[in-house]
Amino acid sequence: MQKSTRTAIRQSPEMDQAVPSLVDAADGEESLVNISVPADVSVESAPVGCPHLEGRGQMIGIDEAKNKWLKDGVLTIPSEVDVLVQSTSRLGAGVPEITIPKIVVGEKSRLIFDDSPIHMKVKDITVHGSLLIGSQTCRVSSDITLEFYHDEQENIQEIYNRSGKGIVVMGSGSLDIHGKLYHHTWSRLKETAVASATEVVLQNDVNWEPGQKVVVVTSSMRDYPYEDQSEVMTIAAVKDKRVVQFTDRLKFNHFGGKEYQVEVGLLSRNVKLISSAQPKSMFGGHVMIMGQGRVSGAELYKMGQQNFLGRYPLHFHMAGDLKKKNSYLTDNSIWESNWRCISVHGSDNGIISKNVAYDVFGHCYYLEDGTEVGNEFSYNLAARIKIMGSTDEKSLKEIDTPGQGGFTQPEIDGVFSNPADRAASGFYISNANNRFIGNAASGGFAGFSFPNMPKPIGPNRGKPVIPKDVPLKHSSFDGNTAHTSGYFWHNGACIYLGGILTEIKDDKGNYRLNYVSGRPDWRNLRNGNDIFTNTKTFLCEAGLAHWGGFAEVHNFESHDSGKLAVLFGDSFLHNALFNGETPNKALLNFKPASRYTRGFQFYDTASRTIVKNVTFKNIKKLKNDTNMRSRNSCAFYNMTHSDEFTPEYMTVVAGIKYINVDESQKFCHDTQNTLAARNFNLIDADGSATGKGAPTIVGSGDIGFWKIDSRCTKQTDWGLWLCPKDSNRSVATVQLKDIERGGLVTHLWGVGNNEAGRSNYYPEKFFARQHISGPSASGWHVAFKQVPKEISVQVKSLEEGHWLVLSLTMPKSKVCWVDGWNKATDFVGLKSATRNTYWADASNGICMVKIMGLPGGVVFTRESLSLPEIASDRNPKSGFTIKTNCEGQSCKVENVTVPKQLL
């Protein structure tokens, strides 16, 4: 199968053009998705431009500097001085700790580390000049450790207030850390590694070394806090560059089949930034870069200061244009982090690439305020992402809320500095004007989270941008994978575009954040056209959930997931695979008879969906099924629970394939006798979904209304009518506006259909939206208990050239009319009309309007498939008004009478 083309990405010194991964087979030898990895690069190169060898004149050793400038625990290096930190181990004295409480590197001065074994204990380093551990062309190969500590009696709040316990690079300063280059920093399994195995086989060549630690990522359905099947292992040897042998045995199975493969990430680096061991402490070191920063090949262990804003393991903070500063963060590892991995705040156009993050509290790769743009996140791994807050049984049930609203979490001092961390994700994308290429995420509330932000937050709150409306452009989200996410909530997903983060002023005038995890109201949905390409998900509640106005998903796979995708608004799903079950043995505990898998969900209101070229695979009927189709596994299913919300627009599908799918499980339509169930419909444009081999209208089997004519057939297993679609007949929707709740009882009848059971009633108690859906080229009869004086009608969808007749029961002697429309003299004239026309028969209490599908509406078209939209809340049209002049008792209707012309 032809792979999609890729756009070359901007390179850091060790980056090269991306190439496809070696094992990426979804079905046999073919895959819909082109997942990429960075190309091999040379790790053997002669160092040049080494700061520790090319100092300015005479370097001053660290001991001499301490004697000259250390005062009250603060070493202040004056301007234009080079200070060299050198180990005495060259003299055979081991690696003694160098302890200096605080270092201030003055402007134009440099603190340089020798390429020799060094262990420095320090509280704070403030850099106005330069801190150098190697350079871009001279990676250090010795073991160098910076250990950040604080005294037990010190007040943590005071440490935070001084920006302490870590490295702070001021606007005039620069930071260079360049450890040994290990490539690849992470790979995927080439084959399954079983429990008790002592080695794994990788897809890519690596130069990892004995004694280093790696993480073998889980292939279970759930991670923190329910399970922990990711395993940290120590390397004993590496054979043939791809076989990694361990000093111990694996405890769990880790899946590496043809369908998908979990990751193995290198955690060890020779340059280490660590926090002193303090049991249960969440207050580690941090790195804040406001000037220039290049950190490559570093290991950050137990770093970050939980719930202290701006104190993250690696952090670009209000650093401006990172491209102009030649700043980047590449091939680092961040693990057992107290809070986050890498944060980009008020900084643009940076490169964050080939980093490995494991066992992290809160959002990992983090765009902070919603204004950060132009940054590239490529080939990063995030694994075992841990939500913040309580994880007792009661608290977890509060996250898994019923319905779509989700949970609400306000900002709480010392508990949730950003309440969105209650729904922590591998990648937190507050502004979509950034690029995400070849990343992998595992664990968390979501793998990739796109929160809706109506306004920026924090110090950037005044910027004129609406983050939620910034679209995810073509090729900006490409080749990414996500798994073992979304399990906290039945509406969760590995890739989640939902939730809303807002700022609220309190009584004291302070801004406080508030996060709601579920679907925002319509005013706060995403409005940009988000495009996803070459995306693979597995072990998800849903592969992708997009609560927004517009989405396109191209080349998409989901395996061993509850759902393929859930899409709102105008959406297009193109070239996709849903695989309900693979040989992954880690799933055995999650395959009870009650567990179901559902392919694609049709939403029940305000959506137009085009689905083309989708394959459903390995979907079988569950044992002990009691004919509740919605509770069983299926390829397509629809929402049928509501009497208030009902399908308004349409869905069209084409190019559907089934592999090892039970016939009865191709469609699930739960016969709940609700309005949404009775109004369900879709168009099978080529007959591939239904097996008819020709354009087909699919309608609810709950009532006879959708049996348009004698050519229709009832598919009992699916609970649906299947009827031929032709050039005159499709599906239409109208809305009767401004009708009081409970004031409408509707009966829909097809022209020429007088069989019993054709009525589609609208219950008074629940019906609020007044939407009516049905087949075009038909007559629909609407009966009111009390006929309104005026009836405002909007045509939501009606294909151009199609028509429908809307009939109203009227009291005798009353007539109706529509200003500006043609008036017919009888029913024959009405039916033959080619323009919008009405007909009134006062003697028989008849009012009819014929509505024509005229040009001028908004047509949603993708890949030769189209859906019309004449009017909606987002695209209002005046519609028309049926006038009756009905008022008072004389306009009550005692008996519903369907005009004989419609029978």
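I started with the S-S bond of Cys50 and Cys138: the torsion about it is about 95°, so the disulfide is right-handed. The pair links distant parts of the chain, 88 residues apart: Cys50 is in the loop between β2 (36-38) and β3 (60-61), and Cys138 is in the loop between β10 (130-133) and β11 (144-148). Helices (H or I, at least four residues) and strands (E, at least two) are DSSP runs, numbered from the N terminus.

Before going on, I note that this is a predicted model, in which local features need pLDDT of at least 70 and side-chain atom pairs count only at pLDDT 80 or more, while totals for chains, interfaces and linings use all residues. Residues are numbered from 1 along each chain as its sequence is written, and side-chain values use heavy atoms, with hydrogens and water left out.

**Disulfides**

I searched the whole structure for disulfides (pairs of cysteine sulfur atoms within 2.5 Å) and have seven. Cys50 and Cys138 are joined at an S to S distance of 2.0 Å. I then looked up burial, where buried means under 20% relative accessible area, exposed over 50%, and partly exposed in between (1.4 Å probe, protein chains only). Cys50 counts as buried at 5% relative accessibility, and Cys138 is buried with a relative accessible area of 2%.

The next pair I took was Cys634 and Cys668, whose sulfur atoms are 2.5 Å apart. Their link is left-handed, with -135° about the S-S bond. Cys634 lies in strand β50 (residues 634-638) and Cys668 in strand β52 (residues 667-668), so the pair ties together parts that are 34 residues apart in sequence. Both Cys634 and Cys668 are buried.

I also checked Cys712 and Cys723, a disulfide with S to S 2.0 Å. With 120° about the S-S bond, the link of Cys712 and Cys723 is right-handed. Cys712 sits in the loop between β54 (696-700) and β55 (713-715), and Cys723 in strand β56 (residues 720-724), eleven residues apart. Cys712 counts as buried at 7% relative accessibility, and Cys723 is buried with a relative accessible area of 2%.

**Aromatic rings**

For ring pairs I used Phe, Tyr and Trp (its six-membered ring) with centres within 6.5 Å; planes under 30 degrees apart count as stacked, over 60 as edge-to-face and the rest as tilted. By this rule I have 37 aromatic pairs. One of them, Tyr312 and Tyr366, is edge-to-face, at 6.2 Å centre to centre and 65° between the planes. Tyr312 lies in the loop between β23 (298-301) and β24 (314-321) and Tyr366 in strand β30 (residues 365-367), so the pair ties together parts that are 54 residues apart in sequence. Tyr312 is buried at 0% relative accessibility, as is Tyr366 at 2%.

I next looked at Phe602 and Phe680, a tilted pair with 6.1 Å centre to centre and 45° between the planes. Phe602 is in strand β48 (residues 598-602) and Phe680 in the loop between α4 (675-679) and β53 (681-684), 78 residues apart. Both Phe602 and Phe680 are buried.

I found one aromatic cluster formed by Phe407, Phe445, Trp489, Tyr496, Tyr515, Trp547, Phe568 and Tyr603.

I also looked for charges over rings (NZ of Lys or CZ of Arg within 6 Å of the ring centre and within 35 degrees of the ring normal). Arg598 lies over the face of Tyr637, 4.5 Å from the ring centre. The charged end of Lys714 sits over the ring of Trp721, at 5.4 Å from its centre.

**Sheets**

I counted two strands as paired if DSSP finds at least two bridges between them. Three strands form an open antiparallel sheet in the order β33-β42-β41. β33 (408-410) and β41 (500-505) are at the edges, each with a single partner strand, so one side of each has no neighbour in the sheet. The twist averages 25° from one strand to the next; axes are lines fitted to C-alpha atoms, for helices over the stretch in contact, and angles run from 0 to 180 degrees between N-to-C directions. Antiparallel strands β41 and β42 (residues 511-516) are joined by six bridges, and Glu503 has Leu513 in β42 as its bridge partner.

The other sheet I looked up is open, with four strands in the order β59-β57-β61-β68 and antiparallel pairing. Its edge strands, β59 (771-775) and β68 (880-883), each pair on one side only. Here the twist averages 30° from one strand to the next. β57 (residues 731-737) and β59 pair in the antiparallel sense over five bridges, and Thr733 has Ser773 in β59 as its bridge partner.
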